[in-house]
Amino acid sequence: MTTLPPPVNVPTTPSSGSPAPVVAVHSKVFGDTEHLQAPPPAVEVPAERMRAWLREMFLIREFEVRCMQAYQEKKIGGFCHVYIGQEAVAVGCTAAVEHRDPIVTAYRDHGHALARGMDPKHCMAEMFGRIGGCAKGKGGSMHMFDRDNNLFGGHGIVGAQTPLGAGLAFACKYQDEVIDGGRNGRVALCFLGDGALNQGAFHEALNLAGLFDLPVIYVIENNGYSMGTAIARGTTMAHSLITKAAGYGIDGYVVDGMDVVEVHSAMKHVADRCRATSRPAFVDMRTYRFKGHSMSDPRKYRSKEEEEVFEAGDPIGTLQARLMSMGALTEDGWRAMQKEVRDQVREAVAWSDASPPPPMSELHHDVFLEPWGPYTGSSQPEMNGGTANPAGVRTIDTKEELL
Amino acid sequence: MTVREIEFRDALREAMSEEMRRDKRVFLLGEEVAQYNGAYKVSKGMLDEFGPRRIIDTPISESGFAGMAIGAAMMGLKPIVEFMSWSFSLVAADPILNNAPKMLYMSGGQFGCPVVFRGNDGAGGQLGSTHSWCVEGLYSNVPGIKIAIPSNPYDAKGLLKTAIRGSDPVFFLESERMLGNKGEVPEEEYTVPFGQAKVLREGTDCTLASWGRPVHFCMEAATELQKQGISCEVIDLRTVRPLDIGTVVRSVRKTGACVVVDQSWSFGSPGSELASQVHRHCFDDLDNYVHRVHSADVPTPYATNLEQEYLPNARRIAEAVRSATYNL
């Protein structure tokens, strides 16, 4: 009879005692009660910057509310995944990196586009399938791209963006080491949902990132559910996701994704380290999506009580209360900010309504950079000035009919 | 012009090395490409010349490194990804089919994807069912990629240089069975454009249209048929996307008969597309329907005799030509 080796020391699910109700609900969703590590030393943030974050988060919230309405009105088709509840993640993370740092994300991407600085009218017009959209109406809700703001998409297949994230980081490093012969130390941010943790692409990407010392931060927007499947029903070690990163030699962090100040503070710490060491990082960002997975989701897989507990920790309400208690925001100021944002989003909707559908000439446009056969080359969207893209070196040199 | 005889694999290496010397954005990654000098010695010596930052060994992780290359290409680099075999690209289907060909379109023209995927395609010789894929059967269905399938060292070098210089994603399909084939390649710089078929042999009775390795079987069959008084015109398409339909149509208008030879399976293949196009453009010129020679519609067998019969070969091609020209 062989003796089994002693078990590896990994965190286990804590036994259920009689914890406080909120803690119990969090524990039910994420599988533990002591999920947050000691936060890194707080980063000093001026009140003005925090007010800007509040505005950004409220802009995303308001934008998504209008998206839901527009979806009901059938102005938006296909799949539409709203970001309500998770605003602190996109806002806090983008605030913690530099604008030149590339970002890639999954299909719940409106929030990232807005946080990165895309004008809401181009984001909304994309969803309306109009020429004024960031992808001329050819991408849709799941494919928000913004070249000038270094946003490399919006990707629809779960986990597909994780090797791309490694590639963005690879390019940053290659640019430094091979082309420029120096070091400008950009880092890549790759967002993914907890559901993507079980895709092969994710594990391959983490292995490559660990192996090649790629400066990429994988931010797991852990909202507890992959569509309707609670995380523990689909993911091993759900109570300690950072153990997955540890298997690839990658440092893991657990962060409260419902508090933008904490997200920023933790991510600043992680990004600075990533930039300095060119080592990847993994962040289990605990958050919650207040709405369904997509517009057709009645959320039967979770309780009203659970939703109420998380809604009480609304990232917007939390920051608003904080600013007010600091004396950095007044009731009037908050009301004025809300009105300004509502007007901005209303304007985005009106602008998108007025933007025409893409002309038929767009059908065979942007398939290849080089024009040939039925393909008419490529050009930037209106958002970037609409200029024609250079075709590059000709690969096809014939006047023949080609298929 | 100085011409030498070099192997197919040398031609590929020369193309990559020359392009890497002229453009720092170009790099090569894949399994065993660096320290091992390439599983098939295509990248032999490249690590010594370019160093480990540009000749990069990857783990066996096709989905991961193909996706990584695409991310790097979106940032403006020009990766060459070597698949040891295109059969292994199936596990990278999402990045190579969902990301690379669609990025420009779904970003509304914002992000191109200048990446070349290359490696061995088709039956390598008794490799069995899973390692003998002719992926052009699957991948030529996808818009947004260019597909080159050279049949000789000259074309291999010229087409690969074109692929690397271009700005759009390219699938470059080589054959393990041809890597040792020798051919004349000039010392001087040259490129071969995409979408230009080459008439390898002129003839009057039947057009044989093919690409990649089966081109050689077509030439073999043509020689044999000539002895029987049937004159074949052999066309090497060189790229299946773009497909130079004009050259084929011109030939068929002259010969009145056409046999398409394609190593991939027959159902929904580049061969069926080409045949359909010939029917459309040469409806009044054809004396018979366009015949097609493909791999048999079964998984690739291991046994030598079965594999030989499974693949397009000179005998099957000659039979198809005789059938297509029976009323001569």
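Helix 2 (residues 47–72) of chain A packs against helix 12 (residues 315–326) of chain A at an angle of about 150°, with the axes 10 Å apart. Axes are lines fitted to C-alpha atoms, for helices over the stretch in contact, and angles run from 0 to 180 degrees between N-to-C directions. The two helices, helix 2 and helix 12 of chain A, are therefore roughly antiparallel. Angles under 35 degrees count as roughly parallel, over 145 as roughly antiparallel, 65 to 115 as roughly perpendicular and the rest as oblique. Residues of helix 2 of chain A in this contact include Trp53(A), Leu54(A) and Phe58(A); helix 12 of chain A contributes, among others, Ile316(A), Leu319(A) and Leu323(A). Two residues are in contact if their C-beta atoms, placed from the backbone, lie within 7 Å.

This is a predicted model: local features need pLDDT of at least 70, side-chain atom pairs count only at pLDDT 80 or more, and totals for chains, interfaces and linings use all residues. Residues are numbered from 1 along each chain as its sequence is written, while chains are lettered from A and ligands numbered from 1 in the order in which they are written.

Chain A holds 13 helices and 8 strands. Helices (H or I, at least four residues) and strands (E, at least two) are DSSP runs, numbered from the N terminus. The C-alpha trace of chain A spans about 75 × 65 × 40 Å along its principal axes. Of contacts in chain A between residues at least 6 apart in sequence, 73% join residues at least 24 apart.

Now the interface. In chain A, 56 residues are in contact with 50 residues of chain B. Strand 2 (151–154), helix 6 (161–179) and helix 7 (200–211) of chain A are the elements giving two or more residues to that side. Helix 6 of chain A supplies the largest share, 12 residues.

Helix 7 of chain A meets helix 3 (residues 62–74) of chain B at about 70°, with axes 8 Å apart. Helix 7 of chain A and helix 3 of chain B are therefore roughly perpendicular. Among the contact residues are Glu204(A) and Leu208(A) of helix 7 of chain A, and Phe65(B) and Met68(B) of helix 3 of chain B.

The table gives residue classes. Ala, Val, Leu, Ile, Met, Phe, Trp, Tyr, Cys and Pro count as nonpolar, Asp, Glu, Lys and Arg as charged, and the others, Gly among them, as polar.

| Contact | Residues by class |
|---|---|
| Helix 2 of chain A with helix 12 of chain A | 11 nonpolar, 1 polar, 2 charged residues |
| Side of chain A that touches chain B | 30 nonpolar, 16 polar, 10 charged residues |
| Helix 7 of chain A with helix 3 of chain B | 5 nonpolar, 5 polar, 1 charged residues |
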